Amino acid sequence: MNMEDGLNLTLGLPGRDESDKESCFKNNNNNKRSQLEMNDESNGSSDHAKEVDMENAPATKSQVVGWPPVRNYRRNNIQAKKASETESGMYVKVSMDGAPYLRKIDLKVYKGYPELLKALENMFKLTIGVYSERDGYKGSEFAPTYQDKDGDWMLVGDVPWEMFMLSCKRMRIMKGSEAKGLGYNV
Amino acid sequence: MDLNQKRTRMVDRVDSVDPDLVSPESTPMCPFPDEVLEPVLSLINSHKDRSSVSLVCKDWYNAERWSRRHVFIGNCYSVSPEIVVGRFPKIRSVTLKGKPRFSDFNLVPEDWGADVYPWLSVLAKAYPFLEELRLKRMAVSDESLEFLAMNFPEFKALSLLSCDGFSTDGLKAIATHCRNLAELDIQENGIDDLGGDWLSCFPETLTTLQVLNFASLNSEVNFNDLEKLVTRCKSLRVLKVNRTINLDQLQKLLLRAPQLTELGTGTFTQDLVTRPVADLEATFGSCKNLLTISGLWDTNSLYLPVIYPACASLTFLNLSCAALRSFELAMLLIHCKSLRRLWVLDTVGDMGLEAVGSWCPLLEELRVFPADPFEQENVAGVTESGFVAVSRGCPKLHYVLYFCHQMTNAAVATVVQNCPGFTHFRLCIMNLGQPDYVTNEPMDEAFGAVVRTCPNLQRLAVSGLLTDLTFEYIGKYAKNLEILSVAFAGSSDLGLKYVLGGCPRLRKLEIRDCPFGNAALLSGLTKYESMRSLWMSACNLTMNGCRVLAKEMPRLNVEVMKDEDSEDSQAHKVYIYRTVAGPRRDAPPFVLTL
């Protein structure tokens with residue numbers, strides 16, 4: 001877990017403009033954590049806290065570490081609860097080249113591509129790399145692809161997340177050489 | 001040293017009592033022979049009382065230390081395991097607390113410390129027949145759990161609350177090797193849940209289990225093994241399962257254990273109805289001894305009513321995992337006339353709290369948690385009117401934890417007038433620095449009313465827009481205050497000075513993001529040895545200020561947590577506590593003891 005909690009020392013009265021307080025997405029990380037695969041720790045402190053740069057549903061106000069003072073356990077409970085509260089969930093099968101059996105994930109649980117990719121990396125114990133429009137998933141042996149409603153195989157990340165959620169029917173993690181045609185550069 | 005002086009000193013629990021300092025002129029005051037004294041003392045269980053007893057004279061000190069069976073250590077760094085075992089030869093039960101409370105909110109870096117292992121290795125030699133270990137906010141590794149399981153043949157009870165560093169593998173060791181296990185209570189820990197097979201490690205011969213709480217673990221356990229375990233442990237009185245247990249399975253468990261007094265259910269709804277609701281209801285009706293129900297994940301209007309037959313004798317209802325709406329709560333509470341403690345989510349709204357006031361006249365404790373703590377727009381939740389409604393109907397209310405987005409000074413004043421018996425008043429207005437939303441004034445008068453009206457107040461947490469006036473009130477009126485939590489409040493050093501200058505019983509003070517600086521810190525010089533600890537983070541302390549404190553008070557550990565981003569002269573996170581063990585020997589590189 002990062003040590004800094006991102007707060008400037010201030011001398012003024014509390015209640016000043018929120019933007020004076022440095023934001024920190026620690027809390028957002030905690031929210032996400034419960035949405036990741038169940039083997040993850042349900043604690044706030046873990047390697048995942050280092051993923052501070054992860055894109056997130058933008059907070060309208062900056063969020064402060066440890067505020068409101070709700071314990072991690074309770075926070076994760078709430079998140080997990082909300083996830084299960086929404087309707088049935090969007091489960092899609094995920095296959096990986098070379099793996100003996102498929103997995104299933106609920107796309108509704110993730111807020112965006114970075115979370116999804118992190119979850120896939122965890123689930124299959126691999127690194128996927130960074131997406132770019134030009135080069136696809138350069139720098140990795142694996143490329144995540146999906147089959148859309150039309151039956152075509154697409155590279156994950158090209159369309160906006162919401163569109164992806166609605167059109168994705170199944171996923172396949174392709175090994176590098178095969179993914180070449182989909183934008184992966186050897 | 002004058003005996004009277006010693007008695008008024010705030011020395012509690014395992015503490016800095018140097019046996020040589022205890023008055024040697026003991027004989028004329030203590031006509032009781034040991035054979036009389038020790039059995040009498042063995043009936044005294046309160047730590048505070050035992051501390052007082054040990055200060056009377058040398059004979060009583062000795063009698064007390066030989067008769068003590070349970071030691072409570074509120075700060076694991078205030079004393080070393082060697083000192084503890086040296087003073088108390090016959091301990092059967094140890095309670096240890098580690099990290100500062102703000103670690104619950106991610107303010108304490110990982111690897112800060114509070115490792116239980118060094119304690120265990122000393123305890124194993126001194127107390128091979130140790131029976132109970134209760135840990136809170138300690139770092140517990142699988143190796144520690146394995147060590148515990150293998151080195152204490154009489155071990156009976158393990159309770160882990162808010163600990164981290166272990167996985168279900170550690171639990172496997174406990175389940176496998178602790179032949180006399182009566183209690184396994186795993187709560188809210190940062191645990192690596194690698195699977196539910198730990199439960200299957202309990203041997204078929206284990207029949208002594210009385211308490212089993214695995215509600216906070218996520219993985220599925222083998223239900224057959226669980227059912228068999230519950231069946232053969234006839235003394236089981238507390239069973240709290242996790243969400244993976246469904247209603248059908250819960251019913252089977254209840255039929256096996258109708259003697260339960262505390263039940264934590266699993267998921268309390270089902271998609272496929274395999275059994276009529278009436279069956280479940282009847283099963284709950286057959287549990288005549290239930291005092292506590294918790295869990296109830298995902299419950300709704302269809303399934304919640306099955307617990308009604310068990311509600312009349314309930315004293316504690318924990319609904320903090322069930323996002324109930326107001327009418328659902330109201331319908332439930334009609335049946336809960338004996339309720340003393342209630343925990344809910346703020347989804348119940350003010351109307352739900354009105355129902356609390358209407359139906360629960362014996363209520364003593366209320367906790368309202370936020371369902372959406374980070375949601376800042378379109379927030380529902382509870383307001384001041386719900387708070388007032390409860391206070392009107394529940395005059396015995398003495399413990400409140402209330403998360404809300406708006407509050408008024410007038411409402412709080414009304415609440416404490418209705419319930420002057422408050423011992424614990426923890427109000428969290430979630431929007432930082434929020435004033436009274438009606439008058440736009442600071443919330444000073446609210447907390448002023450609390451401290452003036454509630455003479456028994458032991459614990460206070462403040463929030464909202466607060467000036468130094470709040471702290472002036474606290475310092476002046478809160479004579480019995482022991483624990484104070486402050487965040488984003490105050491205007492100047494005066495605030496902290498007021499508190500440190502008053503509050504004679506203060507033990508724990510935790511402060512974050514307040515404009516309190518060195519002068520304020522140093523104004524409390526003489527007070528810190530009578531307190532367990534002081535936490536100050538993101539205030540205006542500097543390294544020099546802390547150094548001065550450390551120099552003046554050698555029996556305090558003044559620890560500064562260094563931060564990559566803050567300047568070298570700033571003391572970003574400071575943790576100060578009294579100790580007889582000297583500076584920590586296991587401090588990580590980012591913790592500087594001055």
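This is a predicted model: local features need pLDDT of at least 70, side-chain atom pairs count only at pLDDT 80 or more; totals for chains, interfaces and linings use all residues.
View 1. A disulfide would need two cysteine sulfur atoms within 2.5 Å. Cys454(B) is in no disulfide, and its nearest cysteine sulfur, on Cys419(B), is 8.4 Å away. Cys454(B) is buried, with a relative accessible area of 2%. Cys503(B) is also in no disulfide; the nearest cysteine sulfur there belongs to Cys454(B), 14 Å away. With a relative accessible area of 0%, Cys503(B) is buried.

**View 2. The open sheet of chain A.** Five strands of chain A form an open sheet with mixed pairing, in the order 2-1-7-5-6. At the edges are strand 2 (103-106) and strand 6 (153-155) of chain A, each of which pairs on one side only. On average, neighbouring strands of this sheet are turned by 35° against each other, direction ignored.

**View 3. Strands 1 and 2 of chain A, with helix 3.** Strand 1 (residues 91-96) and strand 2 of chain A pair in the antiparallel sense over 4 bridges. Opposite Ile105(A) in strand 2 stands Val92(A). Helix 3 (residues 113-124) of chain A packs on the sheet and touches strand 1, strand 2, strand 5 (142-147) and strand 7 (170-175) of chain A. The direction of helix 3 makes about 155° with that of strand 2 of chain A.

**View 4. An annotated span of chain B.** An unreviewed UniProt entry places the feature "domain: Transport inhibitor response" at residues 89-135 of chain B. The end C-alpha atoms of residues 89-135 of chain B lie 20 Å apart. This span is 21% helix and 19% strand.

Notes. Residues are numbered from 1 along each chain as its sequence is written. Chains are lettered from A and ligands numbered from 1 in the order in which they are written. Side-chain values use heavy atoms; hydrogens and water are left out. UniProt positions are given in the numbering used here, feature names are shortened, and annotations may be inferred rather than shown by experiment. Helices (H or I, at least four residues) and strands (E, at least two) are DSSP runs, numbered from the N terminus. Buried means under 20% relative accessible area, exposed over 50%, partly exposed in between (1.4 Å probe, protein chains only). Two strands pair if DSSP finds at least two bridges between them. Axes are lines fitted to C-alpha atoms, for helices over the stretch in contact, and angles run from 0 to 180 degrees between N-to-C directions. Contact means heavy atoms within 4.5 Å.
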